[in-house]
Number of protein chains: 2
Amino acid sequence: MQKDTILQGNCLEILKTFPEQSVDLIFADPPYFMQTQGELLRTNGELFSGVSDEWDKFESLQAYDSFCKAWLRECKRILKNNGSIWVIGSFQNIFRLGYIMQDLGFWILNDIIWNKPNPVPNFKGTRFCNSHETLIWCSKNKNAPYTFNYKTMKFLNNNKQEKSVWNIGICIGNERLKDASGKKIHSTQKPQSLLEKVIMSSSKQGDLILDPFFGTGTTGAAAKKLNRHFIGIEQNELYVEIAYSRIEKVKTLSNELIQGKLETKPPRVSLEMLKCAGLLSENEKFYDKNKNFICTLTKNNKVKDKDATLSIHKMAAKYLNKENYNGWNYFYIFKNGDFVSIDSLRYGYEKLVNLKDTI
Amino acid sequence: MQKDTILQGNCLEILKTFPEQSVDLIFADPPYFMQTQGELLRTNGELFSGVSDEWDKFESLQAYDSFCKAWLRECKRILKNNGSIWVIGSFQNIFRLGYIMQDLGFWILNDIIWNKPNPVPNFKGTRFCNSHETLIWCSKNKNAPYTFNYKTMKFLNNNKQEKSVWNIGICIGNERLKDASGKKIHSTQKPQSLLEKVIMSSSKQGDLILDPFFGTGTTGAAAKKLNRHFIGIEQNELYVEIAYSRIEKVKTLSNELIQGKLETKPPRVSLEMLKCAGLLSENEKFYDKNKNFICTLTKNNKVKDKDATLSIHKMAAKYLNKENYNGWNYFYIFKNGDFVSIDSLRYGYEKLVNLKDTI
DNA sequence: CATTGATATGAATCCTACG
DNA sequence: ACGTAGGATTCATATCAAT
C-alpha cells in the first residue's frame, strides 16, 4: 500500500479498498452534525461564522448513525489486531460514536477531554460555554493488545502520570491555514499539538496511521514530524492540495523520545536461566535489603524458608505482609563480598548473551 | 406528593407511581457497569476497593441498555415540560446514556466534565489516568424552555461566563461517609459541591428535585442547603437510614443569590409608557452618543430619519451597519440642557411608579 | 523598540414573552 | 402552535495601529 499519500474521493468507498489489518492507528475527525439553526449574531451585532458546510448536513440522527456505523465498521476491518483507534466529537455526536463503537466490539481504553482555554463564548448566555471536545480511544477488541507509550507520556508531563483531561488551545494565529484573503480554509482545523499527543502516546516510530477525514492534513503533518507514516482520505480537492503543500514543509524529528527508547522493557530472564548461566548457584541464599537471611533457592526455582516453599513474589509479599510483590526487587544474594540485587543479575545475563553473539 | 423524603425500594417500580410532569429537576447517578476484571491491586500490593457492588452488575451491555431505557423513559414522563435532567457517568456507560437520551427525545444542552484534580491513579500504567467523569444536561424536548441561572453562575465564577469543564475534588476526608470501622459506606459518593453547582445552575428556589439513585443522599443534602425540595429513591435500607440522618444535620441557607435575585430582569418600560409618563414628548428628537441628530419619534413609537421609519433597534443597527442592535443603548435625547440616554429614562419611570405606590 | 488600545475571530445544537 | 416585537448578550488571543 502506498504510504504518505492522500486518497481523494468518497471516504467509505476508499475505505472498502483497504486490505484487512493493514493500519496501526486510526484517527477520525468526522462531521459533527451540529444541527445549528438560523444565524447566530455576536453581541456586537455581527454575524458569527461557524460551521455551515455542506459536509456537516445530514437528514436525521438516524442517517448520521448509519453513516458512522458504515465507516467505523470498515475501520475495524482495516485496523491491525494490535492497533487502536481515536475518534473526536462534541456533545452533538460523541454519544452516537461511542455507542456505535461499543456495539461494533471496539474496547474503550479512555475518553480524553480536550479542554480549550480559549473557546468561543456562549454569546447569548443560554447555557454553559462549551469549552471542550471529547476523544474516544479504543483497542480493536476487549482483550486485544495495543501500544501505549506510558513512560514517554509521563516524561512529557513533568514526570507525572498523564491524565484524561488535556489543556490545549484551539487552532488560531499562524498555525491556522488561511487563503489569500485571510479567510480560514477549513472551518474546523484541529491544533497540531493535539494530534501529536495522540500519535506520540499510541503509536510506534514507523507505524502507519490512517485518517479517513483528512481535511487539511493535520494528522499527516504530525505523523511526518514524529517519524510515522500516514494515509489520508479526503473528498475536497482543495483540502487535498493544501494538505500536500503543508506536509511538504514539515521536518521529521528524530530523537530517543520519538524512537520510543523510554518504552524499552527490562530484560525478562528467569531464575532457571540465571542458574544455567552460572549467575545463581543451586541452594543460593536470598537476603532482604537489610542483609537479613530470608530463604533458599530450590531445584524447581521456588524459594524455601522455615515454614513454606513459595515463588519469589509470594515469599516477598509474605515478608512485607502484602497481597503481592515483585520478588525481583526484594531479594539480594551475597557475591564476591557484596550484596547484589537478583534483578541486577538479569542485566548481567543480557551482557553474557550479547557477548556470545559476537563470537 | 410528599416532599423531602426518601422512597425505599425498586427504582423503576417507584418511578412508575409518580404522576406526569411532577418534578422540576432530575439528577441521576446510575450504576456504571464498570466490568472490572477480577481484583485490582495497588502497586504496593494492597487490594484496591473500587466498585464491585452487586448493584453494579449487569448481564451484558444490552441488559444495561434496557435498564437505562426503562428508567430514563419514566424520568421523561415525570419531568415537567420546563424541567431539565442531569445524568452522570464515566466512559463505561456515558455513551449508552447519552445515546438513549437522544433517542428518547431529550435535548442535550451541555455535556459537563467533572475534572478531578485528585483522581485515583492508573496503578498499572496501562492507559491515561481516568481523571474525569461526564455529566449530560438535557431539556425535555428540542424547543422546551428550561431554567438556567446564567448570571448567578457567572457571579460565582469571578464574573466570567461559566464553562463546561468543572474542577472539583473527589469526595474525601470529613465529607466522605464512613462506618464505625472507618470503611467508606458508599463506593461512589459524589462531592456535595458538584451537586450544589448542578442545583444552583438549573433550578429555582422551592423547586422539587428527584434523584432516582439517591445513595447516601448527597442530592438531598445539597437541595436542602440551597432551599430546594427533594425526593430520593434508594433500594439499600442502610443508605436510606444514613441519608436521613445526614440531611437532618444540613442547614438551609437563604440569601439573595440562592433566592435567584441576580436573575431578575431589568425594568421593561416601553416607549409608549415613557410618553404617557411625560418623560418623552411626541416628535422627540433622538441623537447618538456623539450628539449627532439621527431621527424623530413617531406616533406609533417607531423612529423616522430622512429615508425610513423603523423600530429603535433596527434604526440603531442601520447606523452601526450591523444586523441588529439594542436601540435603548444607542439613542439619547436632549433634556434640560443635557444629553440623556433613553434607557436611563426607564429607570426614572420606575421611580415615578414607586412614588405613586407610596401615596 | 516597547507599550497600549482597538479590532477580529474561533466545531454554536445560542431569546422569549406575548398575542 | 406559531409569528413577531422587544431587547439581552462575550472570552481569550492574535494582529495591527497608534503612541
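**Exercise 1. Helices on the sheet of chain A**

Task: Across which strands does helix α2 (residues 61-78) of chain A lie, and at what angle does the helix run to β3(A)?

Solution: Helix α2 lies across β2 (23-28), β3 (79-89) and β7 (208-211) of chain A. The helix runs at about 150° to β3(A). Helices (H or I, at least four residues) and strands (E, at least two) are DSSP runs, numbered from the N terminus. Axes are lines fitted to C-alpha atoms, for helices over the stretch in contact; angles run from 0 to 180 degrees between N-to-C directions. Two residues are in contact if their C-beta atoms, placed from the backbone, lie within 7 Å. Now take α7 (residues 237-248) of chain A: this helix lies across β1 and β8 of chain A, at about 175° to β1(A).

The model is predicted: local features need pLDDT of at least 70, side-chain atom pairs count only at pLDDT 80 or more, and totals for chains, interfaces and linings use all residues. Residues are numbered from 1 along each chain as its sequence is written, while chains are lettered from A and ligands numbered from 1 in the order in which they are written.

**Exercise 2. Strand order**

Task: In what order do the 8 strands of the open sheet in chain A stand?

Solution: The order is β1-β8-β7-β2-β3-β5-β4-β6, with mixed pairing. Two strands pair if DSSP finds at least two bridges between them. Look at the edges next: β1 (5-8) and β6 of chain A each have a single partner strand, so one side of each is left without a neighbour in the sheet. Neighbouring strands are turned by 20° against each other on average, direction ignored.

**Exercise 3. Relating the two chains**

Next, the contact. Chain B gives 43 residues and chain A gives 43 residues. On the chain B side, α3 (94-103), β4 (107-115) and α9 (312-320) each supply at least two residues. β4(B) gives the most, with 7 residues. Finally, 100% of the interface residues of chain B are also interface residues in chain A, so the copies meet through the same surface.

**Exercise 4. Positive phi**

Task: Where do A:N227 and B:N283 lie, and what is the phi of A:N227 and of B:N283?

Solution: Start with the general rule. Most residues other than glycine have a negative phi. A:N227 has a positive phi near 65°. A:N227 lies in the loop between α6 (218-225) and β8 (229-234) of chain A. B:N283 also has a positive phi, near 60°. The loop of B:N283 runs between α8 (271-276) and β9 (285-287) of chain B.

Then count neighbours. A residue is buried if 20 or more other C-beta atoms lie within 10 Å of its own, exposed if 12 or fewer, and partly exposed in between; C-beta atoms are placed from the backbone. A:N227 has 18 and is partly exposed. B:N283 has 10 and counts as exposed.
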